[in-house]
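My notes are below, in the order I made them.

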Amino acid sequence: MIPAYVPNSAAAALGGGTPIDFGKVCSDGRRVFGDGKTYRGFFGGVLCGILAGLVEIWVWSSFNLTVLPRQTLLSVTLLAAGALLGDLAKSFLKRRLGKERGESWPIADQYDLVIGSFLLMLLIYPQWLFENITLPIAVWIVIITPLLHRVVNIIGYYIGVKEVPW
């Protein structure tokens, strides 16, 4: 999951600039995604996730760490892009529900990256998903994801990358 965990933090750190929705609003009068979702953040986040995945590939092959899943360039790209696509989908739904940027939405805030990355993987590379995400690993992901999310957001808040610590 490293290639899926890295992009959100990287997008927050590298973001800014042109919003993905170009400031447009839906028929409900609310922004499509909001100012927090930018092209620079999206592509920078995906690139950082891919780089983290390439490091994972190198570690796996250099040290024969078969405890790690066997990543490929395609798997790390799908995990990284899927994580931020999941975040975009969640932002779209948050706006439709009238939630503001930065407003907490428990469960959705923690698992959007997991759902997005797994759905993209399921659509494009299901073989990798079913070979690598076993039941014990899925349980581990369900447990560790909200813990990592909380810790990383607190750090991001204290270093000034995030406006709220959740």
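This is a predicted model: local features need pLDDT of at least 70, side-chain atom pairs count only at pLDDT 80 or more; totals for chains, interfaces and linings use all residues.

**Entry 1: what I am looking at.**

**Entry 2: the largest pocket.** I started with the open space. I get a volume of about 1,100 Å³ for the largest pocket. I find 44 residues in its lining, and nearest its centre lie Asn-8, Ala-12, Lys-37, Asp-87 and Lys-162. I then looked up where the lining comes from: helices H1 (2–14), H2 (39–63), H3 (73–96), H4 (108–124) and H6 (135–158) are the elements that give two or more residues to it. I sorted the lining by class as well, and got 18 nonpolar, 14 polar and 12 charged residues.

**Entry 3: the second largest pocket.** Next I turned to the second largest pocket, which holds about 270 Å³ of space. I have 16 residues lining it, with Met-1, Pro-69, Ile-137, Trp-140 and Ile-141 nearest its centre. H1, H5 (126–132) and H6 each supply at least two lining residues here. Which helix gives the most to this lining? I find that it is H6, with five residues. By class, I wrote down 14 nonpolar residues, one polar and one charged for this second lining.

**Entry 4: the core.** I moved on to the largest nonpolar core and its 28 residues. Met-1, Val-46, Val-114, Phe-118 and Met-121 have the most contacts inside this core. H1, H2, H3, H4 and H5 are the elements that give two or more residues to the core. H3 gives the most, with eight residues.

**Entry 5: Met-121 and its partners.** Leaving aside neighbours within four places in sequence, I find Met-121 in contact with Ser-75, Leu-78, Leu-79, Pro-126, Trp-128 and Leu-129. I followed up two of these partners.

Ser-75 sits in helix H3. Buried or exposed? I count Ser-75 as buried, because its relative accessibility is 0%, and the cut-off for buried is under 20%. Its side chain makes a polar contact of 2.5 Å with the side chain of Gln-71. Beyond four places in sequence, Ser-75 is in contact with Met-121, Tyr-125 and Trp-128.

Pro-126 is in helix H5. I list Pro-126 as partly exposed, because its relative accessible area is 31% and that class runs between 20% and 50%. I also checked a distance along the way: Pro-126 and Glu-103 are 23 residues apart along the chain, and their C-alpha atoms are separated by 33 Å.

**Entry 6: Lys-90.** Last, I looked up a lysine in helix H3, Lys-90. What does its side chain pair with? I find a polar contact of 3.1 Å to the side chain of Asp-87. Asp-87 was already in my notes, as one of the residues nearest the centre of the largest pocket. Not counting residues up to four places away in sequence, Lys-90 touches Trp-105, Ala-108, Asp-109 and Asp-112.

Methods: Residues are numbered from 1 along each chain as its sequence is written. Side-chain values use heavy atoms; hydrogens and water are left out. On a 1 Å grid over the protein atoms alone, a cavity is a set of points where a 1.4 Å probe fits but cannot get out, and a pocket is an open set with protein on both sides within 12 Å along at least five of seven lines; lining residues have an atom within 4 Å of a point. Grid points are joined across faces, edges and corners, and a volume is the space filled by probe spheres set on the points. Helices (H or I, at least four residues) and strands (E, at least two) are DSSP runs, numbered from the N terminus. Ala, Val, Leu, Ile, Met, Phe, Trp, Tyr, Cys and Pro count as nonpolar, Asp, Glu, Lys and Arg as charged, and the others, Gly among them, as polar. A nonpolar core is a set of buried Ala, Val, Leu, Ile, Met, Phe, Trp, Tyr and Cys residues joined through side-chain atoms within 4.5 Å. Buried means under 20% relative accessible area, exposed over 50%, partly exposed in between (1.4 Å probe, protein chains only). Contact means heavy atoms within 4.5 Å. A polar contact is a pair of N or O atoms within 3.5 Å; within protein, one must be able to donate a hydrogen and the other to accept it, and residues adjacent in sequence count only if both atoms are side-chain atoms.
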